Amino acid sequence: MSEQIDRLIKKEYAAGFITDIVSDTLPPGLDEDVVAFISGKKNEPEWMLEWRLKALRSWREMVEPHWAHVTYPDIDFDAISYYSAPKSSSDGPKSLDDIDPELRSTYDKLGIPLHEQEMLSGVAVDAVFDSVSVATTFRHKLKEAGVIFCSISEAMHECPEIVRAHLGSVVPQKDNYYAALNSAVFSDGSFVYIPKGVKCPMELSTYFRINEAKTGQFERTLIVADEGSEVSYLEGCTAPMRDENQLHAAVVELVALDNAKIKYSTVQNWYPGDSEGKGGIYNFVTKRGVAHTNARISWTQVETGSAITMKYPSCVLKGDNSVGEFYSVALSNNYQQADTGTKMIHLGKNTRSTIISKGISAGHGSNSYRGLVRMNPGATGARNYTQCDSLLIGDQCGAHTFPYIESKNPSAVIEHEATTSKVSDEQLFLCQQRGLDAEKAVSMIVNGFCKEVFRELPMEFAVEAGKLLEVSLEGAVG
Amino acid sequence: MLSIRDLYANAGDTEILKGLNLEIGPGEVHAIMGTNGSGKSTLSHVLAGRTGYEVTGGEVRFLNQDLLSLATEDRAREGLFLAFQYPVEIPGVSNMEFLKAAVDALAAHRGEEPPDAVSFMKRAREVSAMVDLDPNFLKRGVNEGFSGGEKKRNELMQMLLLEPKLAIMDETDSGLDIDALKVVADGVNAFRREDRSVVLITHYQRLLNHIEPDFVHVLAGGRIVKSGDKSLALELEDKGYSWIDEEVA
Amino acid sequence: MPDFIASALERAPTANPDWLDDLQAAGRQTWAASAMPTRKTEAWKYTSLARLERGAYLQPPAPATPTPANLKQHFSIEGLDAATLVFVNGSFNPDLSSDALPDGIEMVRFAEANESQAEAIRAKLGQVVDGRQHLFAALNDAWLADGLFLRVRRNTRVDTPVHCVFLTTAQDQPFSLSARLLVVLEDSSEATIIEHFCSDDLPQNAFTNSVTELVLGANAKLQHYRLQREQEQAVHIGGVHASLGRDSTLNSFHLGMGSTLKRVDVVVNHHGEGAHCDLSGVYLPRHQQHVDYHTCIEHAVPRCTTTETFRGIIADEARAVFNGRIHIHPNAQKTVAELSNRNLLTSTRAQVDTKPELEIYADDVQCAHGATVARLDEQAMNYLQSRGIGTRQAEVMLSFGFINELVERLPDEAMVEFLRPQLASLFGRQSLVTGRPE
């Protein structure tokens, strides 16, 4: 089989083109002036600049973490440009008609049309290109429902009190090395506010695109779901194929107030590097949500891209009866390395969490699940169920599981199970004997393996995710 | 239907088939018997195109094509079906999904429209009933958590659904109790038609009480060493295999 | 607080044979170059060594005094027909030990080894344990003065278990001692070895640092027990490091009771194809005890199997740590490895931290692990209660059953008989729910 497998894992990265557009890009390097420049570009209030500078100072005191099961050369943080924006929209998006045609065609090529009339099934999109948001669709329709969906730079002007109350409340500036860096230099990202009792009338989505060379992307997303509200949000990401590694260090904060529900889905397809392991995005992301009483936060991720991923979307289950969920498919092909998982911090009574993690390793890929389930003394009656499965395709890859389980409450129940399997010769042979070709056979087996996660994705994206996985695996089996 | 001439094949580094000849005409049922290690399973795997086996000599023609030059899945699409001795489990992939993919691949190969979901489901339920499988099995993962007998019936069900030209049943009768054996036999008998052939690979004569073969062959040392009608099977049951070895020697 | 690393080096070892000098020097060097673990040291994330550092344990035990009477009651296992070797506060005690060992097994104390024995010991000693990865093994080397070497000859089956007792008695001053055991099973030999750490009933101020190396030749089979039954105040840091040759089998059972601070590393290296390891254990910390089992199974070669089951019941304000690592190296195809860790917390102030790790670099393997933390099964409780069994008694029955499942399957009946009442008495002590005495 290995021969067959070797042939199947190779396929070009489809989103790897470069958009030829004039950009405002800061020279590489990071100091207080750069932070002040970014803040100035955004016309930010004074408190925001102070907030950023505080983060920068903390970051300087911190050391780069090396505990993850990944290896990469040291990052030269002075060689990165911390701000890049397409010239035409560096003042922020105006109307959709003002978008540079080059940009518009970029999103068209990626299958993300920015014309509202062409939108599928009513999904509102915020498009972030390098450091800035270039377009947000359906804003007015959302506004009628009271939903605010805009870039975070705009939110700072439009509803500063909400931003100020919640920014950094879930992921403090000093939370970790990359969160501190992000807090200092984040340039844009999406902001969502769902008012009390409102069920957001459509799917919200942000589409992130890195284009410029030698830049980092540091977006910041903040979603606040007020009491009794509901929202489903999806992010997608791509980047051109470049030989160098580029850093993506985002922060996502979710606040689910009492009885609110937030569903956050990610289809991450950053450029993974070539089949030799050259180039690709370093995806070092901090994502965390706080769930208040009876609230529910659900993370679903399909991670197929990036050269290196370190990402642990987490839930702080603060309120009684709150629920946290994490559904993940992470694929590492070629020389990709992923160290991903979640943290479920149970603080409130009768809190519940579910973790379903599916890791797929192919080629020379390395895939690690790293998760923490913590039952604090107050988590009476809390429950966690964790299932993490690894699928190995080929004999050069690695699959690892590092679950941390901490319990300080005798009435809390934690169950953790992990299994490892491979796509076996016998399975392929059985499928082929029934007339299926090897690619179809593997994609069926892999999709079957991921089924529990895919069914958590919003309908429109579940099919997309399955296809993406198929493409990412091409060359894995043949 | 199938014509095997002077076939030599290795499993890994070991030569297993050593000049095997076999002619199978349309509508015929052939039983191939032999001791463990005689090459029965190797023959079925070589015909179906499993990797890990190397054909070192000879020729196999199936419906007037060079079978050995076809990819595994194309052999299946041309109508060669192997009922596995040990059907593998594929967790997460439902039987229904799996069978639909197989039926669709077959239709595409023939340049036909794939059957619509409703008529497919109906047919799948019908054949499941024929082999006494609860239709709920269709929703479960392929062979996942099936008992030995259920796996065998599942293989038979797939055969009835896919309607191949030539079905090779690799020890489908092993490990079955008498009731399950009858189910298998009934299925095979229902499948029999003048344009379809069946190869029964088996250890035991008792299957042949329920499926009457046209020919019985004895496989030993990688070759067919003796052929006859069903009385040969009775003789084997009676006397064992050693007299064959002596006769051949 | 004085620096523990430096202070430990100041404690000179007692006289040791010359042929151990190099190992001792290497141990001192590794130790000196090390830093004390902190919470940020992954292998010590959940176990603080403050109790050890505070305890001023670095003096050697007081010189041998007449052996207190009745020590035997602390270690004897009734009904077990074993050859017994007893060390009291680190010194071999011939009075308490058996006169003769069974045929086929050779026992040598390092201090008494002749030239050829010394050579045999040096060939294996320190080869299985990696002092760079196990800091306290380096300290054991640094303090190395004496130890016990057991060798089972090729093609020999020794039916009589060898019972190695390491007993501490309360002394006026806190003290530390090293225990070192090297067991070599030559090809196709079989034996049963019991390591038994225990103490008298008085509050202990001993810190025991133990290292055990088990070397199994091809096709050898070892039944191994390690019983930790020290008094509540004792501190124990120890390691069992095994190397398994082709087709060999190691069955290893661990009991963790007693000690204010206990850390045991169990490392099994599958070095020969077809080796099998069955590792099981129970830990039962109570009061303010802290117990930490770190197991690591290295599958370096193909076709080896591991089954590992650890269970713990954590009471009062005790804390248990379990870290079970299974590491499948790139060529270790056809490995079958399973790990299960289950925990019961019986008090609102008890804690457990468990981390079952799988690290896999080969694809044709079957690996699974599971971990649970839970209360007693409510359905089972209800079932017992519906048959008229009181809540309290039902709790005891189920807790005992939870642990007893692992004890019952031990092959030596006398061992089962020895352990069963001890476990039962532990659970019979107080209500598992209220924490109040009955």
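What share of the 478 residues in chain A is buried?

Figure 1. Buried residues account for 61% of the 478 residues in chain A; a residue is buried if 20 or more other C-beta atoms, placed from the backbone, lie within 10 Å of its own. Chain A contains 11 helices and 24 strands, which are DSSP runs numbered from the N terminus (helices: H or I, at least four residues; strands: E, at least two). Of the contacts in chain A between residues at least 6 apart in sequence, 84% join residues at least 24 apart; two residues are in contact if their C-beta atoms, placed from the backbone, lie within 7 Å. Residues are numbered from 1 along each chain as its sequence is written, and chains are lettered from A and ligands numbered from 1 in the order in which they are written. In this predicted model, local features need pLDDT of at least 70 and side-chain atom pairs count only at pLDDT 80 or more, whereas totals for chains, interfaces and linings use all residues.

**Figure 2. The side of chain A that touches chain B.** Here 19 residues of chain A are in contact with 21 residues of chain B. Two or more residues are given to this side of chain A by helix H9 (425-433) and by helix H10 (438-454) of chain A. The largest share, seven residues, is that of H9(A). By class, this side of chain A has seven nonpolar, six polar and six charged residues (Ala, Val, Leu, Ile, Met, Phe, Trp, Tyr, Cys and Pro count as nonpolar, Asp, Glu, Lys and Arg as charged, and the others, Gly among them, as polar).

**Figure 3. The contact of H9(A) with H10(A).** The axes of the two helices, lines fitted to C-alpha atoms over the stretch in contact, come within 9 Å and cross at roughly 120°. H9(A) is therefore oblique to H10(A), as angles under 35 degrees count as roughly parallel, over 145 as roughly antiparallel, 65 to 115 as roughly perpendicular and the rest as oblique. Gln427(A), Leu428(A), Cys431(A) and Gln432(A) of H9(A) make the contact with Ala438(A), Ala441(A), Met444(A) and Ile445(A) of H10(A). Six of these residues are nonpolar, two are polar and none is charged.

**Figure 4. The side of chain A that touches chain C.** This contact takes 28 residues from chain A and 29 residues from chain C. E23(A) gives the most to this side of chain A, with 10 residues. E24(A) runs antiparallel to strand E19 (residues 366-374) of chain C, and seven bridges join the two. In E19(C), Ala371(C) is the bridge partner of His416(A).

How values were computed
A residue is buried if 20 or more other C-beta atoms lie within 10 Å of its own, exposed if 12 or fewer, and partly exposed in between; C-beta atoms are placed from the backbone. Axes are lines fitted to C-alpha atoms, for helices over the stretch in contact, and angles run from 0 to 180 degrees between N-to-C directions. Two strands pair if DSSP finds at least two bridges between them.
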